[in-house]
Amino acid sequence: MTARPAAAQRPLDSLYHLAQAGSRPALERLVRLTRSHKQVQYLIGRHRRKSSLGTLAAGNLRDLVRFTAGESKGGASDFSRTHLTLVRTQLPKLRYYPLYQQWGLSALETDSGTVYHLRNPSVSSIVLKPKSMPDLLFHQPGSAQLDSLWQANSPLVLRELPRYMYVRRHQGFVWTQDIVKFMEQATGLQVGVQNYRADTVYSLAYDYYDVALRNYTVFWARHYQEFHWNQHLARFEAPALAVHTRAPVQQLLDQIASPDSSVAFRAYTTFIEQDIQLPWAYRGLAGSESVPNQSLPTFWERFVAGKQALRSYLLTTGLPLNLPPILAAQSRQLLLPLPFGQRYRLENQIIQALTPETVTAFELLMLDYEQNKPAQESVGRILDVLYSRHWPRIMTDKTLLALYLKKVRVYNALGIVGSSRYVVFKLDKLNGPVRRAIRAVRATTPDADVREIARTVLRPHWRYESRRTFNLVRASSRPAVAYNPDSLRQLLQEQGLALYTAGKLDLARADTALKYDAPLGFVGGYSPRTTTLEPLIRLLETEFRTDLGFGPAFGDWRVSQSASVVHRARAWRRYLRQQGLVARDTAPISFVQENDFHSRTKHSPLKRKLKLLWYRLKH
């Protein structure tokens, strides 16, 4: 993209447009300006940046003057460091080519060094949509002429349409992917060309320096005459060109984009179970039609990599990859649209059935269903309760502890909201034996991810601090609205939460519900489920005749000191302990109890530095 100069540098912009129109004096002036070190400001969109005038002029020349790979002697890239030197030395020999509005030593279509790869497109992309050329080009000047070539079935349109796209690449209205898709439908071919990294891509997205676009234009300029119109197929064809079949990975990527959810999910599962690695430029390899099926996770490629990493790690530990059939069927019931009471009881049954050894298989199963919000909220609560319940055993078993550290790294790499981001919170405030166990894991594990997370959680100068909720708590504040405790009790029983023992409110059970019954979706969850907490808080307000100063309305849980359900639940847990009504909680914190950012400890700067120095000396 050519930078747009600020007001004081508009002459540079004018020189660019004059040189683009064929003015040699303007081109020579740009070459002289490349030696300027004057600092200027320029705009990229609404962002103001600083650079030297010479750097901006060199960027304009990189766009105006193009050399073939043989001419530049720097490989297939036109943006190598030798480009400016070559422009200066070859300036008298540069010629202007109005067809492409560029300068060079030879015309674009004479570049015989362009590498290309032809393949058949996916079945879903070869049906030609009835879209006219003016609509495709937004009725810009020249679109009518291109439409006349298309209506006449002239192969010249195969050269002119990419050229039109190349010349107007910086004008902002040409959608390259739409034109590429149109070319695929018009010829029944996908053209793979090299991008700036010399990788073969079939999409022009993320095309830095317009290298792939240039090579795409060169291909059609050199080969358009080999195509002729097939009346039966209603498209152009070129029997003399070698066309390759789609590779297995490309076929799976086609299925990922299938509108049939079962086909897409089967391809997604194949990637994971057969440990097929996705190339970094998979979007370019997939082609212009690659839009993942909406039933898959949002960042499905990250989920593939994450599940592959977890599966590979589990194989080294001997822990199961899959749940027992009965437990797996029970877990899949979470995907159904169940009444809340039935869902809550099912969550409790799964919590009882799962163990630290089988919980990872449960996570692998449920990761795939990010789009099912109720199921993910259930998974969030199940894992929160399960890990806290079995935490002492996890911390004393090296295999389970290393697996937990591995999951911290894998789930962070998913880059998605949800309680999966917060599994590290349970590692807060580690005591001596646990710290020694983590050091032992770090010293013996061959896994780099486990060692990295172990180093992170052992650092003494970082910790997670709870949101400050209790500044405005007033136990003397009376509820503004009186609720019927019998109705609230009946509602909670219907929702699956039994709080009364022998007709008396069991505050220990209420405390557990206050801690865990606001789960975030495991993956994709951005707001906690508060179905049971709202009536529970109203019941406590009625029982103790105080609303702790929060008032009658609930607020947003993401705002500190708000009157949200989550903040009220924390305040009530603290209130119950201050009154001596429940015992001290020794279990790890809930996933929703903490902030999602790091915070400094309250130690003095000197004490922090001494602790950090002591840590570095020991490790």
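Gln190 counts as buried, as its relative accessibility is 0% (buried means under 20% relative accessible area with a 1.4 Å probe, protein chains only). The model is a predicted one, where local features need pLDDT of at least 70 and side-chain atom pairs count only at pLDDT 80 or more. Residues are numbered from 1 along each chain, and side-chain values use heavy atoms, with hydrogens and water left out.

Gln190 sits in strand β7 (residues 190-194); strands here are DSSP runs of E with at least two residues, and helices are runs of H or I with at least four. Its side chain has a polar contact of 2.6 Å with the side chain of Arg119 and another, at 3.5 Å, with that of Glu184 (a pair of N or O atoms within 3.5 Å, one able to donate a hydrogen and the other to accept it).

Now for the helices. The axes of α7 (residues 143-151) and α8 (residues 156-167) come within 9 Å and cross at roughly 155 degrees, with axes fitted to C-alpha atoms and angles running from 0 to 180 degrees between N-to-C directions. That makes α7 roughly antiparallel to α8 (over 145 degrees). On the α7 side, Ser143, Leu146, Leu149 and Trp150 make the contact, and on the α8 side Leu156, Val157, Glu160, Leu161 and Tyr164 (heavy atoms within 4.5 Å).

For α24 (residues 507-516) and α25 (residues 533-544), the axes come within 11 Å, crossing at roughly 140 degrees.

Terms used
Buried means under 20% relative accessible area, exposed over 50%, partly exposed in between (1.4 Å probe, protein chains only). Angles under 35 degrees count as roughly parallel, over 145 as roughly antiparallel, 65 to 115 as roughly perpendicular and the rest as oblique.
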